[in-house]
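Keep the picture open while you read.

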Amino acid sequence: MSQTITAWSNSRADTYLLCPFRAKLKFKDKRPELPRELPTGKKEHANDRGSRIHDAAERMVTHSAPMVRELHHFETELVRAQDIYVGDSNSIETEKTWFFDADWLPIDGKEYDKIWLRVVIDLNVRLSPTEVLIIDHKSGKRYNNEVKHSEQMLLYVLSTFMKYPEVELVTAELWYLDLNELVSITMTRHQALQLFRKFNNLGVRITSDTTYIAKPSLHSCRFCPYRSGANKWVVGTGECKRNPADKTEQPDARWHTLRNEGLLKLKELQEKRRVEKSKSQNKQRR
Ligand code: SF4
């Protein structure tokens with residue numbers, strides 16, 4: 001087994017930045033995750049819903065399939081993509097995975113041992129010989145994900161320039177399908193190459209780490225599939241504890257609990273004061 005995570009992607013980077021130890025369990029050790037329970041009132045998991053909507057958007061563009069309800073905010077844009085596909089099927093690609101080696105050279109997905117970076121593009125439109133539009137469908141929420149999603153757009157723009165040396169202008173769009181919101185960024189090759197060092201360093205860090213220091217916190221552990229139940233190789237073994245070599249300051253779970261308790265008390269106090277104030281105002285009016 002390799003000593004490191006050999007390849008990274010945008011979603012792997014998200015997991016790694018949340019908790020390197022969780023990334024190790026998932027991508028290097030390939031530990032199975034527990035079957036997830038359906039959230040109350042839901043008929044499908046968010047991931048399954050996302051895949052279903054992505055499939056529907058792809059079939060709509062490439063096979064003129066009927067539109068599903070979840071895509072109705074972007075009907076005009078998808079019909080336009082459908083028209084482009086019908087006119088010239090080579091100018092549009094849907095749900096394509098691009099593979100790069102450690103020198104950022106595009107490679108075939110079958111060159112498994114060389115794959116260093118994977119980028120999955122939902123919709124890729126060749127607007128002209130030197131201009132590309134790439135689109136990512138978002139079926140989840142935007143709030144609190146703004147930074148993460150912006151980073152994804154930048155990585156995708158950089159990857160597009162790496163994939164196509166002749167391209168000089170790239171526009172990346174995020175389509176928030178449920179929210180009816182569209183976020184867009186356009187960059188020249190010169191602008192995008194300024195991002196190279198940052199993303200290259202991130203990729204090197206993920207694929208060369210051998211310490212995988214765990215970062216337990218309420219935020220990172222909340223939805224971690226390795227935190228409990230049958231995944232007991234983590235809980236109770238001490239594996240999740242922070243590596244003693246890691247000296248960075250980090251509030252622990254207890255700190256979060258105390259803070260949350262404090263906030264609750266503050267809320268109660270404020271509510272009590274509000275009721276008292278309104279009572280005294282009512283009295284004065286009488
Ligand atoms: S339970 Fe927390 S610390 Fe442990 S792997 Fe998961 S996210 Fe990391």
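Q: Where does I135 lie?
A: I135 lies in strand β5; helices (H or I, at least four residues) and strands (E, at least two) are DSSP runs, numbered from the N terminus. A word on the source: this is a predicted model, where local features need pLDDT of at least 70, side-chain atom pairs count only at pLDDT 80 or more, and totals for chains, interfaces and linings use all residues. Residues are numbered from 1 along each chain as its sequence is written.

Q: Why does I135 count as buried?
A: A residue is buried if 20 or more other C-beta atoms lie within 10 Å of its own, exposed if 12 or fewer, and partly exposed in between, with C-beta atoms placed from the backbone. I135 has 24 C-beta neighbours inside 10 Å, so I135 counts as buried.

Q: Leaving aside neighbours within four places in sequence, which residues is I135 in contact with?
A: Contact asks for C-beta atoms, placed from the backbone, within 7 Å of each other. With neighbours within four places in sequence left aside, I135 is in contact with D122, L123, E173 and W175. I135 and A172 are 37 residues apart in sequence, yet their C-alpha atoms are 5.8 Å apart in space.

Q: What makes β4 and strand β5 a pair?
A: Two strands pair if DSSP finds at least two bridges between them. β4 and β5 (residues 131-138) have five bridges, in the antiparallel sense.

Q: Which other strands pair with β4, and in what sense?
A: Strand β1 (residues 8-9) pairs with β4 (residues 117-128) in the parallel sense over two bridges. Strand β2 (residues 92-100) pairs with β4 in the antiparallel sense over eight bridges. Look for L117 in β4: L117 is the bridge partner of W8, and L117 is also the bridge partner of F100.

Q: Why is α3 called oblique to α4?
A: Axes are lines fitted to C-alpha atoms, for helices over the stretch in contact, and angles run from 0 to 180 degrees between N-to-C directions. The axes of helix α3 (residues 46-63) and helix α4 (residues 75-87) come within 7 Å and cross at roughly 40°. Angles under 35 degrees count as roughly parallel, over 145 as roughly antiparallel, 65 to 115 as roughly perpendicular and the rest as oblique. Therefore α3 is oblique to α4.

Q: Which residues of α3 and α4 meet?
A: In α3 they are A57, M60, V61 and T62, and in α4 they are L78, A81, Q82 and Y85.

Q: How do you know that helix α2 is mostly covered?
A: Eight of the nine residues of α2 (residues 20-28) are buried. Among them are F21, L25 and F27. The buried residues of α2 pack against α1 (10-18).

Q: What makes a set of residues a nonpolar core, and how many residues has the largest one here?
A: A nonpolar core is a set of buried Ala, Val, Leu, Ile, Met, Phe, Trp, Tyr and Cys residues joined through C-beta atoms within 7 Å. The largest nonpolar core has 52 residues, and V61, I134 and V170 are among those with the most contacts inside it. Helix α5 (residues 146-163) gives the largest share of this core, seven residues. In soluble globular proteins, nonpolar side chains tend to be buried together.

How values were computed:
Contact = placed C-beta atoms within 7 Å.
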